[in-house]
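Notebook open, structure on screen.

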Amino acid sequence: FAILGGNGTGKTTTMGIISGIRKAYRGKIKINGTVSALPQNVQTLFKEETVKDELIGVSSNLIEKMELINVLKQHPYDISGGQQQKVALAKVLAKNPDILLLDEPTSYLDMGFKLDILANIRMLARERNLAIIMSLHELDLAQKVSDTIACVKGDHIDRIGTPEEIFSGDYVQQLYGV
């Protein structure tokens, strides 16, 4: 499930409310299952001296799938942004959540890392029967990896549908004012 919308439309706030980090001003969200969240700034998750230390409790199988074996001895801040995203994703997946929240998981990454991260996310979602809610700015990526998309306009959800429904016609151009 992807949430699309311009800057300042409340995507990150919504993710914070779903995760329980923020409180809703009104209404309620009922979650059936455990939630893990990957924040926009994954570096806030790093507390250890090496990637290996960060990944204590993460299965060797997941470390291998995320292609992190070659960076285990490095400090988390000494690896690329894409590799940091993978380390952070492995950390939150190690909690075995039922629902995974991803707040702009591909920001600041080059296209190769974006596609790699999203491919890993889709694979893991299928393998684990994992529900994923993510906010994205990249329309093309949302179209490729999402089953359902919610479009935020102003202070409300303007439309929910499949990628085919959302991206047909000129709706997305209207949503972003282009």
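Predicted model: local features only at pLDDT ≥ 70, side-chain atom pairs only at ≥ 80, totals over all residues.

Before I start on the charged pairs: I count a salt bridge when a side-chain nitrogen of Lys or Arg is within 4 Å of a carboxyl oxygen of Asp or Glu.

**Entry 1: salt bridges**

I searched the whole structure and got six salt bridges. I looked up three of them in detail.

I began with Lys114 and Glu138, whose side chains meet in a salt bridge at 2.8 Å, N to O. Lys114 sits in helix H5, and Glu138 is in the loop between strand E4 (131–136) and helix H6 (139–145), so this pair ties together parts that are 24 residues apart in sequence. Buried or exposed, I wondered, for Lys114 and Glu138? Lys114 is buried, and Glu138 is too.

Next I took Lys86 and Asp116, which form a salt bridge at 2.5 Å, N to O. I find Lys86 in helix H4 and Asp116 in helix H5 (residues 111–128), so the pair ties together parts 30 residues apart in sequence. I get 3% relative accessibility for Lys86, so that residue goes down as buried. Asp116 comes out at 23%, so I wrote partly exposed, the cut-off for buried being under 20%.

Last pair: Glu54 with Lys91, where the closest N and O atoms are 2.5 Å apart. Glu54 belongs to helix H2 (residues 51–54) and Lys91 to helix H4 (residues 81–93), so I noted a link between distant parts of the chain, 37 residues apart. At 5% relative accessibility, Glu54 counts as buried.

**Entry 2: nonpolar cores**

I turned to the largest nonpolar core, which has 42 residues. Which of its members touch the most others? I listed Leu55, Leu68, Leu89, Leu100 and Leu102. Helix H4 gives the most to this core, with six residues.

Setting aside neighbours within four places in sequence, I see Leu100 in contact with Ser36, Leu89, Val92, Leu93, Leu130, Ala131, Ile132 and Ile133.

There is also a second, separate core of seven residues, and I find Ile3, Ile18, Ile133 and Val152 among them. As a general reminder, nonpolar side chains tend to be buried together in soluble globular proteins.

Why do I call strand E5 (residues 149–153) largely enclosed by the rest of the structure? I do because four of its five residues are buried.

I checked both pairings. Strand E1 (residues 2–4) pairs with E5 in the parallel sense, over three bridges, and I see Ala2 opposite Ile149. With strand E6 (residues 156–161), E5 pairs in the antiparallel sense over five bridges.

**Entry 3: a surface patch**

What makes up the nonpolar surface patch of about 280 Å²? I get Phe1, Ile157 and Ile160. Phe1 is in the segment before E1, and I recorded Phe1 as partly exposed, with a relative accessible area of 35%.

Conventions:
Residues numbered from 1 in each chain as written. Heavy atoms only, no water. Buried < 20%, exposed > 50% of the residue type's maximum accessible area, 1.4 Å probe, protein only. Helix = DSSP H or I, 4+ residues; strand = E, 2+ residues; numbered from the N terminus. Pairing = 2+ DSSP bridges. Patch = residues over 30% accessible without salt bridge, like charges linked within 9 Å, V, L, I, M, F, W, Y side chains within 5 Å. Areas by Shrake-Rupley, 256 points an atom, 1.4 Å probe, with all protein chains shown as cover. Core = buried A, V, L, I, M, F, W, Y, C linked by side-chain atoms within 4.5 Å. Contact = heavy atoms within 4.5 Å.
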